[in-house]
Amino acid sequence: MSEQNTIPTWTRDQMAARVAADIADGAVVNLGIGLPTKVANHLPSDREVILHSENGVIGMGPAPAKGEEDYDLINAGKQPVTLLPGGCYFHHADSFAMMRGGHLDVCVLGAFQVSVKGDLANWSTGAPDAIPAVGGAMDLAIGAKKTYVMMELRTKTGESKLVDQCTYPLTGIGCVSRVYTDVAVFDLGAGGAQVIDIVEGLSFNDLQALTPVKLTDARN
Amino acid sequence: MINKISPSVEAALSGIHDGATVMIGGFGGAGQPAELIDGLIAQGAKDLVIVNNNAGNAEIGLAALLKTGRVRKIICSFPRQADSYVFDELYHSKKIELELVPQGNLAERIRAAGAGIGAFFTPTGFGTELAEGKETREINGRQYVLEHPIFADFALIKAETGDRWGNLTYRKTARNFGPIMATAAKCTIASVHEIAELGEIDPETVVTPGLFVKHIVKVPRTATGPAGFKTA
C-alpha cells in the first residue's frame, strides 16, 4: 500500500518520548514487554519515576553493563536489569496486589486491538493451533489507575488496530484510557475516540481515513 | 530437637509419590530450583501435576522433567516462550494437559490455599475466555470472577539461606513464587546455598518463617543463567 508508505509517522523512539512526556514526577509505572519498554529510555531526567516489574521488583534501573548481568535480577521479559537505591524485592502475590489493588499510577501495554470503549486485546490472536500464554496481561490491563496502550495504528497489512469492537480474544474490558500510536494520540471513554495529538504533516481528515472508528478532533 | 536439614536432595525428595501435585518455584530461570528438579527426575515419581509460572526453557530443569513424560498436567500462566520447545511438542501432540491462569490469579490462588481462603472474587480476567463458565458477581459496581485456591502436595523452591527450623531468605527477584508456594503445600522442600545457625539470620529479614518448610537441603552455588528469551 503506497499510501501507507507516504504518510508521516512518529518513530518508535518518538512514540516512547511522547508517552514519557505524560508520566508525572513521582509516578509508579509498569512498562509492558516490547514497545512500552522503550519509554524508560525517554523519561525526563528532572522527574523521578519508579518502575515496577510484576515478577517482584520496584525501583528497577537500566540494563547492567555487559558482563555484569545477574539472572537472579530480571524484569518481566526475563532480561537482566539493575536495582536503584531505594528499590526492593517482594513475592508474586504482593507484586500483583500492588497492581490489582490500584497502587500503580500508570501501566503502558502493547496491543493487537483496542476498541473505542477501551476494551483491550493483547494476549492472543485466537489462532487455533497457537499455544495460549497470558502471563500478567490480564492483571496489568485492569490494575493500574491508568492503562495506556502504545501501538502502531495499523497492522502491516493496513487494517486499523483501533476498532469499534475487538475481534481478537479480550484481555480486559473498558480498561484503556489512552492510546499512543505512530500517527496520533487518542483518549477513549464515554465521548468516543478523542484525538488529542496528530503527527505533524497529517490532517485530521487524513487520520480519519486510516480508521473506521469515528474520531473527534479534541486538539487544543 | 528440630532439624529440617536434609543430608541430600535424594533424602529430601524421597516422599514424593505418583500422582502428586508439585509446585515448583521460579520465573524463567530466576528462583527455579534446578537441583531439586533434577532430583525429582532421578526420583522417578510420575503422573504429576506441576504448578509453575512457565513450562520450562530449553532442555534443562522443568523442561527436562516434562521431557520424561511424567507430567500429566501443568498449571501455569506463560507456557509459550522462545525456548519452550519441549512443552510445545508435548502440547501439540496432546501428551500434556494445560490449565492457563493469569499470572496474578495464579499467585493469589496459591496464596489463598496457604492462607485458608475458601475462594475469592478478583476483577482479573472478567469478560475474557479465561473466565468462561466461572461464577461472577458485581460488588460495589465492579465485576469480579470467583477463583479457587490451588493446593499442592509438595513445593520445591529455591531460597538463599536457611536454618534448621526452616527459616528462609531469598535472593533478588529469585524470590518470586517461593514464599507463597511454601505456604500452599503440605510438604515444602527448599534448596539453599547457605545454612545458618539458629538466630544467625536477622529475624527482621526472615521472609519465609520456618513453620512453612519441611526440609531444606544445601546445594552448591552456581550462577543463574539466562532463560525465556532469544539472546541476540
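Two strands count as paired if DSSP finds at least two bridges between them; helices (H or I, at least four residues) and strands (E, at least two) are DSSP runs, numbered from the N terminus. This is a predicted model, where local features need pLDDT of at least 70, side-chain atom pairs count only at pLDDT 80 or more, and totals for chains, interfaces and linings use all residues. Residues are numbered from 1 along each chain as its sequence is written, while chains are lettered from A and ligands numbered from 1 in the order in which they are written.

First, select A:Thr147: its bridge partner in E10(A) is A:Val176. Now widen to residues 146-150 and 176-180 of chain A, and you have strands E8 and E10, which pair in the parallel sense over four bridges.

Next, show the whole sheet: ten strands of chain A, open and mixed in pairing, in the order E4-E3-E2-E1-E5-E8-E10-E11-E12-E13. Colour strand E4 (82-89) and strand E13 (215-217) of chain A; each has a single partner strand, so one side of each is left without a neighbour in the sheet.

Zoom out to chain A, with its five helices and 13 strands. The C-alpha trace spans about 50 × 40 × 35 Å along its principal axes.

Last stop: where chain A meets chain B. Counting residues as in contact if their C-beta atoms, placed from the backbone, lie within 7 Å, chain A gives 32 residues and chain B gives 42 residues. On the chain A side, select helix H3 (92-100) and helix H4 (137-143), the elements that give two or more residues. H3(A) supplies the largest share, five residues.

Terms used
Two residues are in contact if their C-beta atoms, placed from the backbone, lie within 7 Å.
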